[in-house]
Every structure is written in C-alpha cells, then in structure tokens.
Amino acid sequence: MCGFTGFLGFGTLQSDNILAVAKRMNNSIWHRGPDDEGIWKENKSSIVLAHRRLSILDLSNAGHQPMVSNSGRFVIVFNGEVYNHLPLRSDLKTISANGKARPSWRGQSDTETLLAAIETWGLKEALKRSVGMFSFALWDKKERSLAIACDRMGEKPIYYGWQNGVFLFGSELKSMRQHPSFQGNINREAITLYLRYNYVPAPWTIYSGIYKLKPGCFIQIKLNDQSKKPPVPKEYWSLEESAVTGQTKLFEGTDGEAIEELHKLLKSSIGGQMIADVPLGAFLSGGIDSSTIVAIMQSLSSQPVKTFSIGFNEASYDEAFYAKKVSNYLGTDHTELYVNPEDAINILPKMPILYDEPFSDPSQIPTFLVSEMTRKYVKVALSGDGGDELFGGYNRYTFADNLWGKLSIIPRPLRRLVGNTILALPSDRWNKIAKPFEWMIPNRMRVANLGDKLHKGVKVLDCDSLDEVYKLLTSHWNDPSSLVIGAKEPDFFKLKSKSLSFFEDIERMMLLDMITYLPYDILVKVDRAAMGVSLETRIPFLDHRVVEFALSLPLDMKIRKGQGKWLLRQLLFKHVPKHLIERPKMGFGVPIDIWLRGPLREWAESLLNERRLRSEGYLYPGPIRQKLEEHLSGKRNWQYQLWGIIMFQAWLEKEKFSGNSCSC
C-alpha cells in the first residue's frame, strides 16, 4: 500500500524546476508511504513518476519504486497489493509467451511480479490474471505511452486529467494541486451530485477537467497526443457483466453446499490477505461482516488475532459492547476506544484535507479514529466492508422485500396522510414512544433509532416505483439543483448501469450500490481514513472470486423470511453463537444529530451563516437555514442533509476558493 503521482508533459516548467515540483507533489502524500520515496524522470519523453512507499511485502530495497522492468522497457509506480503474486511467479517461471525470456527475480515484491506479468502477457491480460486491490501508472518506453489502471472493485484510488497542456495523475487530488499547471476550477455540477449522495461519484471530481478512473478500467495516453481530450477508459473486468452472467447461471446447489463454497472462498481470500511482513490485525464492530472475517482469521491463526473497535457513550450508537463479546468468545487480542464529542471536534479540521474533495459520510469520523488507534499496534488491518452490498444487508433491501409490495397497493392520498401523521411528531419522540415496547419485538426485527427511520421513510409513501424508492433512500437532498447556484444536476441515476432492465427490483438495488455507493463512499472513506495514518486496509469480501460467487446466488440465499445476509449468517453461526450476533442493524453510525445541537453547534452555525453563504456564491442560504433552525429546535432531524452542507463549507474554507474561481 503506497501512493504515487506524476505528470506527462513539462508545460512551462524549466528543467531545473521539474524535480522540485515532483518532490513537492510526492511530499504532499507522505502519509500514504512514509517508509521510502522515489522519483523517476525521462527528459526526452517529458514524463515524471513519483512514489511514496508503505513497506508491507519485501521490506528490502528490492521493493523500491519507481521500479523498472527486467528488460528496461516499463517503469511503474504501484499502490496496493497483488495477493496472488506468488502463484503468478510460478506461472511466469514455467510459461514463456511470444518467445520472451522468463523473468529473473531481484526481490520478493508483488510490484516486480506485476511488471514481469505485463512484459510477458501484456497489460490487459496481466490485469485479468491479477487478484488484488491496486492502482498504478505504467510508462512504456518503447511505445512512449502512459497507462493508468484501477482494481476491479475500486479499492485503490486514481485521479487524472489535462491541465494547461500537462497530463496530471495521482493517488490523491492534493498531489496534483501542487503542480503549477493545476487550475483548480470548482465543478458546480459535481456539487449537486455530492449534495445528493454525500460523495462525488466517478467519473466526476470536484475539479473541472479532473476525473476518477472507474473500477475495473485502464486508460492509455500517447506522448504525441495533441487532442488533450480525456482518454476513454477501457474495461478489463465488468461488475455488470459478472452480475448478468451470475443471474443467467445461478448457483444450483443446496443451502449446505452454498455455505461450504462461501466458506472455502473466504478462507482463501482471507488467508491470502493475511500474508504480510509486518504486524496485522482486523477491525471488529461485532456485526455480521466483521465478525465473519475475524472468526475465519482466528481459525487460520495460531496466535490471537489483534482486533480493534470503537464505541460511543450514546448507547443507541454504541456497538463496542457487542464487539467485545465476540472478541471474548473468539479469543482475540482486543483493543477498544470510546469516542466523545471532543474527539470529533479535534479531528474535524483534518477531514477536508484528508478527503481532498467534499465528502460527508459521518462515519468518516469513527473510521479515522479507529484507524488511528489501530496503527499504533499494527500496519495492516482487515475490514468487513462489502458484506452488505454482496449479501443483501441494507435495510432498503429488506424493506423492498417485506413492505413495498403491500404499500404500493394503498392509494397514494392515504399514504400521504399517514406520512403527515408521522411527521407531526419529532423523531426523538418516536424513539421514546418505541422504547418501552422493544422487549416485545424479536431481536432480528428491531430497528435502532426508529424515529429517524420513520422520518426518513415518510417520502417513500409518495413513490410510484421501487426505483423511485431507491433513489429517494440513497439521496440526502432530493433536489440539489435548487441549492447550488448556477448548476444543473447531471442525470447520474441513468448513467449508473447499462443493464438495469435485466435485473429484478432488489437485485437491481444491490447492483447499483455495488457500482456507486461501495466504491465512491465506503471504499473512499476507508482508504483515506486509514492511509491518513499510514495504515493498510484489506477487504476480503471484495476478492472478485467472492464477488462473482455472490452475484450467482439466488436472492433467497441472501434475503430469506425478511432477513438480509442469510447465507453469511449461516456461515458465521458455525463460528459464533447466534445470540451474540442477532440484534438491530446499526451501521457505523455517529450521533451527529445530538452533537449539532450541542458541542458542534457553534462551529456549524458559523459555517452556515447566511451572510457567509451569500458571499461565497455557491449555495442558496434559504433552504439550508430553514433545515438548520428546524434541527436545532428538535422539530426535525436533518443531520445528514446538514452534515453534507457543513462538510462542503469546511472543505471550501480549507481550499480558500472564492466564488469567482468556479467553472460551471
């Protein structure tokens, strides 16, 4: 796990300033690789590659980057891990393609293996054969071309774009901002997408002319390209095609056979991801996903696995209690940290710098804090992310399965009346009303923070289709164009998938989450938080072989009798008793609603000051101020909508942009 940056074309840079700029770009991502650094420059081709290294495999100088291939043709800067690099080495020893010589190895790094695979099989075939999480930039001296690639699920980030005639690229936007050709014009369309989803989805970024590379893709740029147009991404693996294949060739085995196959695949994925030359551990929330990962890790380890969790003093948000119970049962070496509002306040100034562009998933706060704590003990941590999307864990899936069919036959006027009745009581009143009756409801059917769920779900009652329901439930502001001055929202919903009509309602929702929410929210959150403290995270559920198996499962093996993640639960119950796991789904929540009315109130009000909003010229103050006043009074809970605005304002403050710098 590392970071890289670079540029193609020297633009107006003088020769004696090229390396100084490259070093400045590289130093800005020091946190991604504090163990080593390197810069490579080729004057005749106007190319510079820079790298920061976090040493995980082969800690020797043989893993130093930028790395040149055996033949001298290719130069690479690589971020991530190729988990099957040892089997690839075995293949490369016995196979000689197109008469090429078999590689002679200088060290044990997976980067060297990948270079040899590219030399032997070519770029696209090497990508297809690689199992891992990665992004990289590859210079081909013979073809005088640059290639940039991203892993299948989008675990490792890569940004790129032409700026003033120079092609910039890097693991984080902050490195590109160090180059004098970087323009930094804010894309107002991207703001509308951000306010709807709380992240900026690919291919957009917050900057005009700068793009994110989509998962499973690579791009190639020739040195003599005079068009300066954004290169068109090419796919080497497609989640959608895998989903279509899975649905046309459904798994036909029994429940027991499905459990065993999933167990086998996860053991293989987790076993491969436990290989490291440095201390390793895992995040543990006590939920189904992380508990499954930790349980299998512990079954594969002769020593107690180091596990880490985070808790809150607000009981309705706290999962650390459950994590400790699971840890005690499995016998892990467990460490926990309880977070108070002061902890959040102290790290809030870091968030805009850490994420580079507006990002407002509130769980970014505990994710950073648990990563910071974990890094004190280990250098690599496995995570349970991805289980919800693959195995039907989100409440919106079970809602669609349980209730939408019944609700949709009720006349819309009657549904609206019910909705207005729900809104008549503040969300915290609903929570208090429901509390005394919780004991009557089975654990698996309980809902944490019922009032918030009811208020969020009210608009569902006015929907015509499940597609409308999905869009509503995944939107924070339902009409962001009315908030952003001088911008119209792109119709991203139509661009998300080319194959929507092929899938039934719930499968379609799950696929959309895998295409969008997973790579651009969950994985961004984890990568930036962990790499911000130089911690490598690995996500076993996102091994593409596990993903492809999950995509081939009948829906009944994911959601059964109104309960999500059925298959995953059955596997987990082989390792952990059911009573330790069955409870209301909470997610990695944060009591933002409470904090905004208390310790964060003054900070929030300063960022959302009406005069300030007007002078900046990006957002209309009216609807924002209305929601802030309703939230502070306790009448409504607008925590997610307000948090999106607050984090945009905090980012804008750090960027020191004025309204005159925008590009609409």
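## Exercises on a predicted model

Gly209 sits in the loop that runs between helix H6 (188–197) and strand S11 (211–212). The model is a predicted one, so let's glance at its confidence before starting. The mean pLDDT of the protein chain is 89, with 91% of its residues at 70 or more.

**Exercise 1. Find Gln364 and work out which residues it touches.**

Step 1. Look in helix H13 (residues 364–375), where Gln364 lies.

Step 2. Check the accessibility: Gln364 has a relative accessible area of 1%, so this residue is buried.

Step 3. List the contacts, again without residues up to four places away in sequence: Gln364 touches Met351, Tyr355, Phe359, Lys525, Trp643 and Met647.

**Exercise 2. Classify the ring pair of Phe308 and Tyr377.**

Step 1. Aromatic pairs in this model come to a count of 23.

Step 2. For Phe308 and Tyr377, the ring centres are 5.6 Å apart and the planes stand at 35 degrees. Stacked needs under 30 degrees and edge-to-face over 60, so this pair is tilted.

Step 3. Phe308 belongs to strand S15 (residues 306–312), while Tyr377 is in the loop between H13 and strand S17 (380–382), so the pair ties together parts 69 residues apart in sequence.

Step 4. Compare their accessibility: Phe308 is buried at 1%, whereas Tyr377 is partly exposed at 44%.

Step 5. For a further look at aromatic residues, turn to the cluster formed by Phe182, Tyr194, Tyr207, Tyr618, Phe648 and Trp651.

**Exercise 3. Describe how helix H19 meets helix H21.**

Step 1. Take the axes of H19 (residues 466–473) and H21 (residues 505–531): they come within 10 Å and cross at roughly 30 degrees. The crossing is right-handed.

Step 2. Identify the residues in contact. H19 brings Leu466, Asp467 and Tyr470, and H21 brings Asp505, Arg508, Met509, Leu512, Asp513 and Thr516.

Step 3. Sort them by class: the contact has four nonpolar, one polar and four charged residues.

**Exercise 4. Where does pLDDT stay under 50?**

Step 1. Go to residues 657–664, over which pLDDT stays under 50.

Step 2. Count the contacts beyond four places in sequence: the model has 24 for this stretch.

Notes. Residues are numbered from 1 along each chain as its sequence is written. This is a predicted model: local features need pLDDT of at least 70, side-chain atom pairs count only at pLDDT 80 or more; totals for chains, interfaces and linings use all residues. Side-chain values use heavy atoms; hydrogens and water are left out. Axes are lines fitted to C-alpha atoms, for helices over the stretch in contact, and angles run from 0 to 180 degrees between N-to-C directions. Helices (H or I, at least four residues) and strands (E, at least two) are DSSP runs, numbered from the N terminus. A crossing is left-handed if the near helix is turned anticlockwise from the far one by less than a right angle, and right-handed if clockwise. Contact means heavy atoms within 4.5 Å. Ala, Val, Leu, Ile, Met, Phe, Trp, Tyr, Cys and Pro count as nonpolar, Asp, Glu, Lys and Arg as charged, and the others, Gly among them, as polar. pLDDT is the predictor's confidence in each residue, from 0 to 100. Buried means under 20% relative accessible area, exposed over 50%, partly exposed in between (1.4 Å probe, protein chains only). Rings of Phe, Tyr and Trp (its six-membered ring) pair if their centres lie within 6.5 Å; planes under 30 degrees apart count as stacked, over 60 as edge-to-face and the rest as tilted.
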